[in-house]
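Dear colleague,

Please find below the structure that I said I would pass on. My notes on it follow, and I would be glad if you read them with the model open.

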Amino acid sequence: MEKYSKRIIWIHWLSTLLIIGLSVSGVMMEDAKDTGFKLSLYQFHFVAGISVFLFTIWWVLAYFQDAHPTDLYPSKSFRQKLIYFVHKGFYWVILWMCVSGIISLFVQNIWQPALSSDASQLPSVRENMSTIMLSHHIVAKFVFLLLIMHVVGAFSHIIQTKENVFKRII
């Protein structure tokens, strides 16, 4: 079975771990009452989000430079089109999450307390949510949907064909 390049594999799994961390910290930020803890979550979220943004750009460039496995199904089949949709959707959604998150740092005035570590300056985002921050929250739901589709698709392929597709990315 053909595999992705080592570079693509590393970027994929590092991004996966960071996205899990971003998801957990994002959910925790919304409910955190302690402003010091909330600020720490914002700081982690900021650094991890920038890292995912850079990894995603690097992954896209590597994808066009490195060899990668052939498609699992014929290119015109519904199943392969669904795979393309999920993969491309992931990159567009992740890029939007990164861009909207960076813009939100400035629009919501989160960047100053995040850089200065002054929790007393942290604004209440829930009470005064900008459109860009609202889109960040809404599009986050699409990340979960695409992740579910990605995992279900991989296991569906394994069950249907008895071929372990995880070997392509491990």
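Leaving aside its neighbours within four places in sequence, which residues is V139 in contact with? With those neighbours set aside, V139 touches V93, W96 and M97, where contact means heavy atoms within 4.5 Å. V139 lies in helix α5 and is buried, with a relative accessible area of 15%; here buried means under 20% relative accessible area, exposed means over 50%, and partly exposed is in between, with a 1.4 Å probe and protein chains only. V139 and S100 are 39 residues apart in sequence, and their C-alpha atoms are 9.6 Å apart in space.

Before going further, please keep in mind that this is a predicted model, in which local features need pLDDT of at least 70 and side-chain atom pairs count only at pLDDT 80 or more, while totals for chains, interfaces and linings use all residues. Residues are numbered from 1 along each chain as its sequence is written, and side-chain values use heavy atoms, with hydrogens and water left out.

Overall fold

The protein chain has 5 helices and 0 strands, where helices (H or I, at least four residues) and strands (E, at least two) are DSSP runs numbered from the N terminus. Its C-alpha atoms fill a box of roughly 55 × 25 × 25 Å, taken along the principal axes, and of its 170 residues 36% count as buried. Among contacts between residues at least 6 apart in sequence, 72% join residues at least 24 apart.

Nonpolar cores

In soluble globular proteins, nonpolar side chains tend to be buried together. A nonpolar core here is a set of buried Ala, Val, Leu, Ile, Met, Phe, Trp, Tyr and Cys residues joined through side-chain atoms within 4.5 Å. The largest such core has 14 residues, and those with the most contacts inside it are V52, V93, I94 and M97. Helices α1, α2, α3 and α5 each supply at least two residues of this core, and α3 gives the most to it, with 6 residues. I94, once its neighbours within four places in sequence are left aside, is in contact with I19, V52 and T56. A second, separate core of 11 residues includes A32, L41, I110 and V125.

Pockets

The largest pocket has a volume of about 1,500 Å³, a volume being the space filled by probe spheres set on the points, which are joined across faces, edges and corners. It is lined by 49 residues, of which H12, H87, F90, Y91 and H150 lie nearest its centre. The elements that give two or more residues to this lining are α1, α2, α3 and α5 (131–161), and α3 gives the most, with 13 residues. By class, the lining has 32 nonpolar, 13 polar and 4 charged residues; Ala, Val, Leu, Ile, Met, Phe, Trp, Tyr, Cys and Pro count as nonpolar, Asp, Glu, Lys and Arg as charged, and the others, Gly among them, as polar.

The second largest pocket holds about 880 Å³ of space, and of the 39 residues that line it, G26, M29, H45, H136 and H137 are the closest to its centre. Its lining divides into 23 nonpolar, 10 polar and 6 charged residues.

Salt bridge

The structure holds 1 salt bridge, defined as a side-chain nitrogen of Lys or Arg within 4 Å of a carboxyl oxygen of Asp or Glu. The side chains of D66 and R7 form it, at 2.6 Å from N to O. Because D66 lies in the loop between α2 (35–65) and α3 (78–107) and R7 in helix α1 (residues 6–31), the pair ties together parts that are 59 residues apart in sequence. D66 counts as buried, at 17% relative accessibility, whereas R7 is partly exposed, at 29%.

Loop residues

Most residues other than glycine have a negative phi. N109, which is not a glycine, has a positive phi of about 55°; N109 lies in the loop between α3 and α4. S117, also not a glycine, has a positive phi of about 60° and lies in the loop between α4 and α5.

With best wishes

Note on methods:
1 Å grid on protein atoms, 1.4 Å probe; cavity = no way out; pocket = protein on both sides within 12 Å on 5 of 7 lines; lining within 4 Å.
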